[in-house]
Amino acid sequence: NDVANAPLSASLNSGYALAVSRLAGWDAAYLDFSSGKDDDRTTAAAIQAESPDLVLFHWVYSWGNEDTVCRILGRLKQEGEIVVGAFGLFPTLSRQKLFSYTPDLDFILAGEFEKTLEEMLLGFRRIGRLAPLPGIAVRDEPFVPRELIDDISSLPVPDDLGANAAGPALNIAASRGCFGDCSFCFINSYYGCGKRRIRSIASLESELEARMARRTVRQAYFVDPTFIGYGPMEKERVRAI
């Protein structure tokens, strides 16, 4: 819930990535470096200890730590043929700059990433390398955006990870996107449209049940950019939630 530096919706990205990775048949490990206490050598060593084929950073922001990240990526590349990528809001909106100062970054999952990640992992497992796909940005190549997920009710239940998993509030999304077009907001730049997509009440209820069975939850915190839409149907939907 790093409100000052990233939108609340970013808190769910790693959880969705882990769930998608398992469904794609990968033995995925989650490492949390959000405390900022580890130096580049310690961080790289912790990642290398997992013997990864592919490393994907949920890169939330940098704020002057670009050199540290560059050194971490450099250390990972020294240890063999590890493919290294990044995803999330910051990599999507700043991908050209990230490629310019991180020579060891192989790719970025740009925008809504779940379907791109699934296809990438299935293909990587089959052919042993990164294949070009819509939604994957690589250095010095034209970027092809991916169509948005039509039915976000089909997304898997995200893992509960990091500091959020120890708290009493459960972050959850009942919708994605927004019908507005405010100049100060990241949403349309991230998704590439002014469209809002809602989940079914049944899928929301199913996720709540699954995640509340894992931990003690005292409140649900909806991270939707637009929780209540226009009109009586939207008000009825909120009552049902």
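Where does serine 51 lie? Serine 51 sits in the loop between helix 2 and strand 1. The legends below describe close-up views of a predicted model.

View 1. Serine 51 is not a glycine, yet its phi is positive, at about 50 degrees. Its loop runs between helix 2 and strand 1. Serine 51 has 60% relative accessibility, so it counts as exposed. Aspartate 140 also has a positive phi, of about 60 degrees, although it is not a glycine. Aspartate 140 belongs to the loop between strand 4 and strand 5 (169-172). With a relative accessible area of 74%, aspartate 140 is exposed.

View 2. Strand 3 (residues 107-109) pairs with strand 4 in the antiparallel sense, over two bridges. Leucine 109 stands opposite isoleucine 136 of strand 4.

View 3. Tryptophan 59 is placed in the loop between strand 1 and helix 3 (66-78). Is tryptophan 59 buried or exposed? Its relative accessibility is 7%, so tryptophan 59 counts as buried. Beyond its neighbours within four places in sequence, tryptophan 59 is in contact with Val69, Ala86, Phe87, Phe90, Pro91, Leu98, Tyr101, Thr102 and Leu105. The side chain of tryptophan 59 also reaches the backbone oxygen of tyrosine 61, at 3.4 Å. Glycine 88 is 29 residues from tryptophan 59 in sequence, and their C-alpha atoms are 6.3 Å apart.

View 4. Aspartate 160 lies in the loop between strand 4 and strand 5. At 18% relative accessibility, aspartate 160 counts as buried, because the cut-off for buried is under 20%. Its side chain makes a polar contact of 2.6 Å with the side chain of arginine 211. A polar contact of 3.0 Å joins the side chains of aspartate 160 and arginine 215. Leaving out residues up to four places away in sequence, aspartate 160 touches Ala165, Arg211, Arg214 and Arg215.

**View 5. Asparagine 171 and serine 11.** Asparagine 171 is a residue of strand 5. At 4% relative accessibility, asparagine 171 counts as buried. Which residue does the side chain of asparagine 171 meet in a polar contact of 2.9 Å? The partner is serine 11, also through its side chain.

**View 6. Cysteines without a disulfide.** A disulfide is a covalent bond between the sulfur atoms of two cysteines. The search of the whole structure finds zero disulfides. The cut-off for a disulfide is within 2.5 Å. Cysteine 193 is in no disulfide either; its nearest cysteine sulfur belongs to cysteine 178 and is 10.0 Å away. Cysteine 182 counts as partly exposed, at 46% relative accessibility. Cysteine 193 is partly exposed too, with a relative accessible area of 22%.

View 7. How many cavities of 30 Å³ or more does a search of the whole structure find? There are two. The volume of the largest cavity is about 200 Å³. Its lining consists of 20 residues. Ser9, Asn13, Arg176, Tyr190 and Tyr191 lie nearest the centre of this cavity. Helix 1 (13-23), strand 6 (175-177) and helix 7 (187-191) are the elements that each give two or more residues to the lining.

**View 8. Arginine 41 and glycine 177.** Arginine 41 is found in helix 2 (residues 40-48). Arginine 41 has 54% relative accessibility and so counts as exposed. Between arginine 41 and glycine 177 the C-alpha distance is 38 Å. In sequence, these two residues are 136 residues apart.

Conventions:
Residues are numbered from 1 along each chain as its sequence is written. This is a predicted model: local features need pLDDT of at least 70, side-chain atom pairs count only at pLDDT 80 or more; totals for chains, interfaces and linings use all residues. Side-chain values use heavy atoms; hydrogens and water are left out. Two strands pair if DSSP finds at least two bridges between them. Helices (H or I, at least four residues) and strands (E, at least two) are DSSP runs, numbered from the N terminus. Buried means under 20% relative accessible area, exposed over 50%, partly exposed in between (1.4 Å probe, protein chains only). Contact means heavy atoms within 4.5 Å. A polar contact is a pair of N or O atoms within 3.5 Å; within protein, one must be able to donate a hydrogen and the other to accept it, and residues adjacent in sequence count only if both atoms are side-chain atoms. On a 1 Å grid over the protein atoms alone, a cavity is a set of points where a 1.4 Å probe fits but cannot get out, and a pocket is an open set with protein on both sides within 12 Å along at least five of seven lines; lining residues have an atom within 4 Å of a point. Grid points are joined across faces, edges and corners, and a volume is the space filled by probe spheres set on the points.
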